Amino acid sequence: MSLKEQITEDMKNAMRAKDSERLGTIRLLLSAMKQKEVDERVVLDDAMVVVIVDKLIKQRKDSITAFELAARQDLADKEKSELLVLQAYLPARMSAEEVTAAVQAIVASLGAKGPGDMGKVMGAVKTQLAGKADMAQVSAAVKAALAS
């Protein structure tokens with residue numbers, strides 16, 4: 001079963017269980033997926049769905065930070081519950097050690113030296129680690145690898 005089919009099935013299950021919070025989050029995800037399909041006239045595969053889920057998760061994390069700074073814990077809690085629902089659709093993430101090792105291997109294969117090569121390395125890293133690792137963590141690993 002594809003990830004898209006799994007999300008649709010989870011929506012049906014949430015409707016049957018009358019789980020309105022989970023249902024709302026899943027509908028939001030399906031809406032973002034449908035919008036991408038219509039805008040680009042493509043049929044989404046699992047990799048493209050993971051990119052959309054990643055984007056929505058990043059938005060939730062940014063919102064949580066903003067709401068906590070504004071002392072709006074009620075809204076931050078809502079975003080946190082949506083974040084948990086969305087994280088269920090991501091593949092298993094790489095550990096920090098795995099990310100560091102992968103980044104160092106890519107830096108070595110490209111022969112990159114110094115911060116000036118950051119763009120070249122990030123381009124290569126994104127294609128290999130998209131959906132498998134948190135890109136903020138990857139960026140920090142690239143900076144560390146190029147600084148040494």
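Which residues in H5 meet which residues in H6? We'll get there by way of a quick look at the whole chain. One thing to keep in mind from the start: this is a predicted model.

**The chain as a whole**

Let's begin with the overall layout. The secondary structure comes to seven helices and zero strands. Read from the N terminus, the elements go α-α-α-α-α-α-α. The C-alpha trace spans about 55 × 40 × 30 Å along its principal axes.

How much of the chain is buried? Of its 148 residues, 34% count as buried. As for contacts with a separation of 6 or more, 55% of them come from residues 24 or more positions apart.

**Two helix pairs**

Now back to the opening question. On the H5 side we have Ala102, Val103, Ile106, Val107 and Leu110, and they meet Lys120, Val121, Ala124, Val125, Gln128 and Leu129 in H6. Sorted by class, this contact has nine nonpolar residues, one polar and one charged.

How do the two helices sit against each other? H5 covers residues 96-110 and H6 covers residues 118-129; they pack at an angle of about 130°, with their axes 10 Å apart. That angle makes H5 oblique to H6. The crossing of H5 past H6 is right-handed.

Over at the start of the chain there's another pair. Helix H1 (residues 3-17) packs with helix H2 (residues 20-40) at an angle of about 145°, and their axes lie 9 Å apart. H1 and H2 cross in a left-handed way. From H1, the contact is made by Lys4, Ile7, Thr8, Asp10, Met11, Ala14 and Met15, while H2 brings Arg22, Leu23, Ile26, Arg27, Leu29, Leu30, Met33 and Glu37. By class, that gives nine nonpolar, one polar and five charged residues.

Next, a few single residues. Here is how accessible each of them is:

| Residue | Relative accessible area |
|---|---|
| Arg60 | 7% |
| Val103 | 0% |
| Ser139 | 17% |

Val103 has already turned up above, as one of the H5 residues that meet H6. Why does Val103 count as buried? Its relative accessibility is 0%, and buried means under 20%. Leaving out residues up to four places away in sequence, Val103 touches Val125, Val138, Ala141, Val142 and Ala145. Val125 is also among the H6 residues in the H5 contact. Another distance to look up in the model is the one from Val103 to Met135: they are 32 residues apart along the chain, and their C-alpha atoms are separated by 12 Å.

Arg60 belongs to helix H3, which runs over residues 46-69. With a relative accessible area of 7%, Arg60 is buried. What does Arg60 touch? Again leaving out residues up to four places away in sequence, the list is Leu28, Glu79, Glu82, Leu83 and Leu86.

Ser139 sits in helix H7, residues 135-147. Is Ser139 buried or exposed? At 17% relative accessible area, Ser139 is buried, since the cut-off is under 20%. Its contacts, with residues up to four places away in sequence not counted, are Met118 and Met122.

Technical notes:
Residues are numbered from 1 along each chain as its sequence is written. This is a predicted model: local features need pLDDT of at least 70, side-chain atom pairs count only at pLDDT 80 or more; totals for chains, interfaces and linings use all residues. Side-chain values use heavy atoms; hydrogens and water are left out. Axes are lines fitted to C-alpha atoms, for helices over the stretch in contact, and angles run from 0 to 180 degrees between N-to-C directions. Helices (H or I, at least four residues) and strands (E, at least two) are DSSP runs, numbered from the N terminus. Angles under 35 degrees count as roughly parallel, over 145 as roughly antiparallel, 65 to 115 as roughly perpendicular and the rest as oblique. A crossing is left-handed if the near helix is turned anticlockwise from the far one by less than a right angle, and right-handed if clockwise. Contact means heavy atoms within 4.5 Å. Ala, Val, Leu, Ile, Met, Phe, Trp, Tyr, Cys and Pro count as nonpolar, Asp, Glu, Lys and Arg as charged, and the others, Gly among them, as polar. Buried means under 20% relative accessible area, exposed over 50%, partly exposed in between (1.4 Å probe, protein chains only).
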